[in-house]
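Dear colleague,

Please find below the structure that I am handing over to you. My notes on what was found in it follow.

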Amino acid sequence: MICLRRASADGIDGEDCPNPKRSTLVVELVASLPDDSIVEILSRVPVRSIHRFKCVSRVWRDLITNPLHRKRLPQTLEGFFYSDVEFHSGCADAPWNYRRHAHRSFISLSGRSTPFVDFSLSFLTSHPWVRNDIKLLDSCNGFLLFANGKVAEAYGTLGYIVCNPATKQWMAVPSSGLSYPASPAGVSLTYLLIDLAMSPHFHLVQIWQNGFWGEIEVRTYSSETGVWCHRSSDRRQWIEQGGWEEWVNGAAMLTSTMGSAIIKGMLRFVIFDMVKSEYQIAAVDREGKTCRNIPLLPAYKHGAGSALLIGQSQGFLHCVREHARREINSPEWAGLSVWVHKDQENNEWELKHKVSFYKLFGKTSCHDGRDYRVLAFHPDHNMLFLVQHLPMKLISYDMDSKKLHAFHTPRSSHGQFTPYVPCFLESPVLANKE
Amino acid sequence: MEVDKGKGEAEETRKVAEADRDTVTLKSSDGKLFEVSKEAAARLSTVLAGMIAGGSIDDNGTDLKQIGSEALENVVDYCNKHANSIPSAALISSSISFNTAPFKEPEEWERKFVDRLSHDALFDLVEAANFLGMERLLDVTCHKISEMMKGKSPDQIREVFNIKNDYTKEELEEIRQELAWAFYDD
């Protein structure tokens, strides 16, 4: 702390600081607090408040946006990593001989490029050990998780890569030892859990099911121990916590399309409970511990609404539901509803917002997957991100101002959009090697 | 704790002799002297630890020209309370040099300690803690101020921090519009 303060008192390197003279001014204007102490305090304030406090004064705005302080202040959503796979036809003699090419790009929310982040990931892909076709699996607090090659190959010998494109640091993680599900009905999901404010170490959680009725396996990796742990053996120990008993023993089906969220250190993901015949949100933490499921509201309780996606926003679990108009002359309202799960005790979902399809897309009959797809919740705004299929565009919808904003035309609506919030703090764990 | 300069010489000599053993005497910017346990000072402040190890402690009062008497009294008070309430092992393990070491919630006594302080006293204490390299005290005081800031409007923040609004009306309107999302409830 002391040395950071000296750095700012001496005047910041002109290249990094847009306004190097400003730091001396801070001392005069901000009561008796030097800028380092202000940043120290702001680093403990929610990201929403920090942005609001840019309105306090020019000095505070410059303090907050100063690249030197980026490391210490919480950041917000910068944009989405977009990835899809395209097929190039072979030579003229054999056009049927397609070559697979993994495409990856970054879609910035502001439309401006951020010079501090290497979105090309060239620092990573230039390494001889790293494959060209790395596949983005997950993002968490500024860090990205890749399969080193096609997803199935990560189960073999190639394993995973965890990297931070803002600090250009990365590290390889071996494969978990599980084989890729043999049945097409099998699902395997690998998640990254990291929060530098809590610990310099990261964890991977792999949830795996071989087929519809198979047992669900959970494996966890810790960068502290450097090994994968097989969690099924802990089953008996954690049975009273809920989870395992409810979803591991073959009575549940893992789903991969309804999103996930990390709430208070627990990874939340969606399963279909075969016994109750409803979707539930299961939970597992970085050590494989579980807690009670949260029911995802059966559709009949809320008209025709069916859950599309879960996610985290402002620390709470959110869910967006589709209310489709089934008949042309039906008086029934059609659109999306957003729910927030604040009441852990009573397992209550609270309706946060409703928006009609007419408002979003200019027509009343819309279906998830056919006409549009919900991509994500903004982690700090009351905002939803959607991709509209025809005409194809990315849209943000602000639930507070009720404003729609088309901010990008993607290559395809079927690619994968991974939200990215930068983290400028160097990690002592990522060692830049395989 | 506080020793006024004007006290009898004999008492002064006795105090100095005591300081030789297990306390250090610190002198505020306005010349007041405070005694604090050498062990607590070395454990809680990286700067004082360095001075003690380097032998640059003055028995007649180590000059801390940047710290006023009110803030220094609070620093000393904190060190004494800390010495009585927390096993040192917990503190040592939390100060391992990762610059975002997990923040532990303030203890009940730490909460009470900062709650009774006025805004000015709290700000002065942040500065003193920063100057002396007292990581835990800095954590506790900054945590308290960040709690005071929750849900506050820019106007209220200007008042608490005694800041002049140096935006023009047009600039403020523009930035206010850009950041409209941040003005809905926390």
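**Annotated domains of chain B**

In an unreviewed entry, UniProt annotates residues 23-84 of chain B as "domain: SKP1 component POZ". UniProt positions are given in the numbering used here, feature names are shortened, and annotations may be inferred rather than shown by experiment. The model is a predicted one, in which local features need pLDDT of at least 70, side-chain atom pairs count only at pLDDT 80 or more, and totals for chains, interfaces and linings use all residues. Residues are numbered from 1 along each chain as its sequence is written, chains are lettered from A and ligands numbered from 1 in the order in which they are written, and side-chain values use heavy atoms, with hydrogens and water left out.

Residues 23-84 of chain B are 50% helix and 19% strand, with 15 Å between the end C-alpha atoms. Helices (H or I, at least four residues) and strands (E, at least two) are DSSP runs, numbered from the N terminus. The record, again an unreviewed entry, also lists "domain: SKP1 component dimerisation" for residues 136-182 of chain B. That span is 68% helix and 0% strand, and its end C-alpha atoms lie 30 Å apart.

**Chain A**

Chain A has nine helices and 25 strands. Of its 434 residues, 55% are buried, where buried means under 20% relative accessible area, exposed over 50% and partly exposed in between (1.4 Å probe, protein chains only). Among the contacts in chain A with a separation of 6 or more, 52% join residues 24 or more positions apart; contact means heavy atoms within 4.5 Å.

A:Trp333 is found in the loop between strand 18 (316-323) and strand 19 (335-343) of chain A. Its relative accessibility is 30%, so A:Trp333 counts as partly exposed. Beyond its neighbours within four places in sequence, A:Trp333 is in contact with A:His323, A:Lys354, A:Val355 and A:Ser356.

**Aromatic rings**

Rings of Phe, Tyr and Trp (its six-membered ring) pair if their centres lie within 6.5 Å; planes under 30 degrees apart count as stacked, over 60 as edge-to-face and the rest as tilted. This rule gives 22 aromatic pairs over all chains. A:Phe80 and A:Phe385 form an edge-to-face pair, at 5.0 Å centre to centre and 75 degrees between the planes. The pair links distant parts of the chain, with A:Phe80 in strand 1 (residues 79-88) and A:Phe385 in strand 22 (residues 383-388) of chain A, 305 residues apart. Both A:Phe80 and A:Phe385 are buried.

A:Phe106 and A:Phe119 are stacked, at 3.7 Å centre to centre and 10 degrees between the planes. Because A:Phe106 lies in strand 2 (residues 99-108) and A:Phe119 in the loop between strand 2 and helix 6 (122-125) of chain A, the pair ties together parts that are 13 residues apart in sequence. A:Phe106 and A:Phe119 are buried.

**Interface of chains A and B**

The contact takes 46 residues from chain B and 43 residues from chain A. The two chains bury about 4000 Å² between them, 64% of it on carbon and sulfur atoms; buried area is the accessible area (1.4 Å probe) that two parts lose on being put together, summed over both. Two salt bridges are found across the interface, a salt bridge being a side-chain nitrogen of Lys or Arg within 4 Å of a carboxyl oxygen of Asp or Glu. The side chains of B:Glu171 and A:Arg58 meet in a salt bridge of 2.8 Å, N to O. Ring pairs also link A:Phe53, A:Trp60, B:Phe123 and B:Phe161 into a cluster.

With kind regards
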